[in-house]
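This briefing goes through the packing of helices in the structure shown below, and then turns to a few individual loop residues.

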Amino acid sequence: MTVRNAVIVGGSGGIGKTCGAALVERGYDVVLMARREEQLRAAGAEIGARTLVADASDPVGFASALAELGHVDLLVHAGGVLGGTYARKQTFEQWRTTISANLDSCFVVTHAALPLMRPGSRFIFLSSSAAHEPMPGRTAYSAAKAGMNAFARALALEVDRDGINVNIVTPGPVETEMLQDVPFEMYAITAHDVAEAVAWLDTVAPAVDLPEIRLNAVVRGPSARPPVVPLEVRRRAGDS
């Protein structure tokens, strides 16, 4: 049986690394990609994955690095940043940084991967509930994630003729380091929850179009987990 490879963009930590670990456990040849070499190498060693250092803001460099693989069966776009602030306070530079990391990267990654894909290959884009429920104070992030979803759906209509599938996983709050700057308590799912959804998606028959999976935490009943209290909330409580 041929081993299926999986490229995780933004694989040096958080949800990306967790997705990589879940796929390694299932027998995939996993390749983690990120721009910070030291952190990336450590993540690869921890989960037993290969690594490729590449920056998704550099189209030429990223394509050159990815081409080393020869082909791509599964590409998971897990890169991005929770950046920006209120529109009246935000600079254009802050806006561009957030848009570039979360949306421009979708094009860079896709453009590099498509020549290496074949019938049965799949893209999975990790989005955010902000794509559907925009967050005040995160105008650029909300716009970028909405754009990611639109990009992915348009891409799906372009590549279905090639036998390539495109899926979106849209989680609500996820308990990662990124969440620690949020100034309120919330119910959250875990990175493992997202990774399990990603791994399952690649078992769906190529003949099935499954545009998007939305994941949110259960907030009532015996299955509900305790709410997450971010570091910023604890800091403000200490200051009061």
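The crossing of helices H3 and H4 is right-handed, a crossing being right-handed if the near helix is turned clockwise from the far one by less than a right angle, and left-handed if anticlockwise. This is a predicted model, in which local features need pLDDT of at least 70 and side-chain atom pairs count only at pLDDT 80 or more, whereas totals for chains, interfaces and linings use all residues. Residues are numbered from 1 along each chain as its sequence is written, and side-chain values use heavy atoms, with hydrogens and water left out. Helices (H or I, at least four residues) and strands (E, at least two) are DSSP runs, numbered from the N terminus.

**H3 with H4**

- The contact is made by Pro 59, Phe 62, Ala 63 and Leu 66 on the H3 side and by Val 108, Val 109, Ala 112 and Ala 113 on the H4 side, where contact means heavy atoms within 4.5 Å.
- These contact residues divide into 8 nonpolar, no polar and no charged; Ala, Val, Leu, Ile, Met, Phe, Trp, Tyr, Cys and Pro count as nonpolar, Asp, Glu, Lys and Arg as charged, and the others, Gly among them, as polar.
- H3 and H4 pack at an angle of about 40°, and their axes are 9 Å apart; axes are lines fitted to C-alpha atoms, for helices over the stretch in contact, and angles run from 0 to 180 degrees between N-to-C directions.
- That angle makes H3 oblique to H4, since angles under 35 degrees count as roughly parallel, over 145 as roughly antiparallel, 65 to 115 as roughly perpendicular and the rest as oblique.

**The buried side of H3**

- Phe 62, Ala 65 and Leu 66 are the buried residues of H3, with buried meaning under 20% relative accessible area, exposed over 50%, and partly exposed in between (1.4 Å probe, protein chains only).
- These three residues lie on the same side of H3, because they cover an arc of only 95° around the axis, the arc being that of the directions from the helix axis to the C-beta atoms.
- Packed against the buried residues of H3 are strand E1 (5-9), E2, E3, strand E4 (74-77) and H4.

**Other helix pairs**

- The axes of helix H4 (residues 92-113) and helix H5 (residues 139-159) come within 8 Å and cross at roughly 15°, and H4 and H5 are therefore roughly parallel to each other.
- The crossing of H4 and H5 is right-handed, and the residues that make this contact include Trp 95, Ile 99 and Phe 107 of H4 together with Tyr 141, Met 148 and Phe 151 of H5.
- The residues of the contact of H4 with H5 divide into 12 nonpolar, 5 polar and 1 charged.
- H1 and H2 pack at an angle of about 30° with their axes 10 Å apart, which makes H1 roughly parallel to H2.
- The crossing of H1 and H2 is right-handed, and Lys 17, Gly 20, Ala 21 and Val 24 of H1 meet Ala 43, Glu 46 and Ile 47 of H2 in the contact.
- The residues of the contact of H1 with H2 divide into 4 nonpolar, 1 polar and 2 charged.

**The two sides of H2**

- In helix H2 (residues 37-47), the residues Leu 40, Ala 43, Gly 44 and Ile 47 are buried, and they lie on the same side of H2 because they cover an arc of only 100° around the axis.
- Glu 38, Ala 45 and Glu 46 are exposed on the other side of H2.
- The cover over the buried residues of H2 includes helix H1 (14-25), strand E2 (29-34) and strand E3 (50-53).
- Gly 48, whose phi is positive, near 80°, follows H2.

**Two loop residues**

- Asp 55 is found in the loop between E3 and helix H3 (59-67), and at 29% relative accessibility Asp 55 counts as partly exposed.
- Leaving aside neighbours within four places in sequence, Asp 55 is in contact with Arg 35 and Phe 62.
- Ser 129 has its place in the loop between strand E5 (122-126) and H5, and Ser 129 is buried, with a relative accessible area of 18%.
- Not counting residues up to four places away in sequence, Ser 129 touches Thr 170, Pro 171 and Gly 172.
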